[in-house]
Amino acid sequence: MNKLLLVTLLVAATLSSCVSKPQSLQQLLNSDYIVSCDSVQADTSLFKNAYLIQFKQPVDHNDPGKGTFTQRIWLSHYNADAPVVIVTEGYSANRNYTTELAQMLKTNQIIVEHRYFEDSKPDINDWQYLNIEQAAKDHHKIIEFFKQFYTGKWISTGISKGGQTSIYHRSYFPDDVDISVPYVAPINFGREEDRLFDFFNKVGTAEDRQKINDFQLAVLNHRDELMILFEQLAEEKGYTYRMGLDKAFDLTVLEYPFSFWQWHGDTDHIPETTATTQELFDHLAQYSDFSYPADQIWEGIKPFFYQAYTELGYYGYITGDMKPLLKGFDQDTISSSLFAPDSKNLQFNDEAMPNVMERLKQSNPKILAIVGGTDPWGATSIITDDLTNTVKIVKADGNHRTRINNLNKEQKSQAITQLEKWLEE
């Protein structure tokens, strides 16, 4: 190749690179990857503009010829040179909001709905593409796209399953972001995690655990009276239960300890066993939630249960001394797989989470994990052995609502200082 031709090719490549790089956010948003982009109300306390975006994704990143779907994204723009917080939602993303990280650190923000949820569903009825690898590749593509314009550092984050999703993405693409901040996010190693069964034998005091068990027994012993109230509530709310009312009632009672510790954790609020039927029912409905086994909720959440029983892991129920009082079940242990679509044919990949942890050990990324000490999912939070760049902060009395802003003064300062240090490196 002669020198003149070589110089010509290099100049052409340079010019092409310059032309392809978007010079403004509007130019970026005019890309073919953006199926639609609508301006929405921005949080003017921080952001200058906000957009609701439908982003084109392949159904199968490993074989793009299998079709595409659109993934819902909320973009809130602050400054092209500022950091970017990307929220990897684990479920739907049907609203825009401002995360505490964006507010604390003055960043841009991108919220991404998880594939197969709400507005981000492929047209094809095929569950096999709902897995952590495909989701990680969704987020990788989105980050690569927006890095064409945003030049600051990147922070991935999410709450609960969204926090899990941020960890999975980081394990596949450790260099996509600089920092990850998963909140109250479990890493489960079993189809139904043994560590969660152990948790309920240790959380709180012996008196707390006994009070919870006594309440459940009191509810079941007043089953006939409470079922009348349950049927009235179901009719008022428009709930239907394809599993039948007895199973739905049983599951609500069995779910009570998990829900109690996940969201509440103060046993002073538990009624005495001598409370009225209405008091027992009102407390159960408030702390456990009869919508959980309802068909109306199941329709929106079944993608989660598919993931739980193929890769993510979940929990079941040990019936113990409640077993003789149940009417919908007669097992010693009840699996939550009954919520999963095609549950009898699902195969759980017990190598998925060990592989995630192994990839994390190899890359050792910067992770700040925020954990609630009385949250059941805290029992299966990320294991930091061999992850020397992972900082785990546990709020001792924190439940599933644990955030940086509600940590104690010392822990909050530790979290913010750590984030600022990483952003400066």
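Two strands are taken to pair if DSSP finds at least two bridges between them, and helices (H or I, at least four residues) and strands (E, at least two) are DSSP runs, numbered from the N terminus. The structure is a predicted model, in which local features need pLDDT of at least 70 and side-chain atom pairs count only at pLDDT 80 or more, while totals for chains, interfaces and linings use all residues. Residues are numbered from 1 along each chain as its sequence is written, and side-chain values use heavy atoms, with hydrogens and water left out.

Strand β2 (residues 49-58) is joined to strand β3 (residues 68-77) by ten bridges, and these two strands run antiparallel; within this pairing, lysine 56 has threonine 70 of β3 as its bridge partner. Strand β1 (residues 34-40) also pairs with β2 in the antiparallel sense, over six bridges, and here serine 36 is partnered by glutamine 54 of β2. Seven of the ten residues of β2 are buried, so that the strand is mostly covered, where buried means under 20% relative accessible area, exposed over 50%, and partly exposed in between (1.4 Å probe, protein chains only).

A nonpolar core is defined as a set of buried Ala, Val, Leu, Ile, Met, Phe, Trp, Tyr and Cys residues joined through side-chain atoms within 4.5 Å. The largest such core holds 57 residues, of which Phe249 and Tyr314 touch the most other members. At least two residues of this core are supplied by each of α6 (194-199), α7 (206-221), α8 (223-237), α9, α10 and α11 (295-312), and α9 gives the most, with nine residues. With neighbours within four places in sequence left aside, phenylalanine 249 is in contact (heavy atoms within 4.5 Å) with residues including Val219, Leu226, Phe230 and Phe290. Apart from this core lies another, of 22 residues, among them Leu25, Val84, Val112 and Phe149.

Rings of Phe, Tyr and Trp (its six-membered ring) are counted as pairs if their centres lie within 6.5 Å, with planes under 30 degrees apart called stacked, over 60 edge-to-face and the rest tilted. By this rule there are 33 aromatic pairs. One of them is the stacked pair of phenylalanine 260 and tyrosine 287, at 6.0 Å centre to centre and with 25° between the planes. Because phenylalanine 260 lies in helix α9 (residues 245-263) and tyrosine 287 in helix α10 (residues 277-287), the pair ties together parts that are 27 residues apart in sequence. Both of these residues are buried. Tyrosine 315 and tyrosine 317 form an edge-to-face pair, at 5.9 Å centre to centre and with 90° between the planes; tyrosine 315 is buried, with a relative accessible area of 4%, and tyrosine 317 likewise counts as buried at 4%.

Asparagine 364 is placed in the loop between α12 (352-363) and β10 (367-372), and is buried, with a relative accessible area of 17%. Its side chain is joined to that of threonine 388 by a polar contact of 2.7 Å, a term for a pair of N or O atoms within 3.5 Å in which, within protein, one must be able to donate a hydrogen and the other to accept it, residues adjacent in sequence counting only if both atoms are side-chain atoms. Asparagine 399, in the loop between β11 (390-395) and α13 (409-424), counts as buried at 15% relative accessibility.
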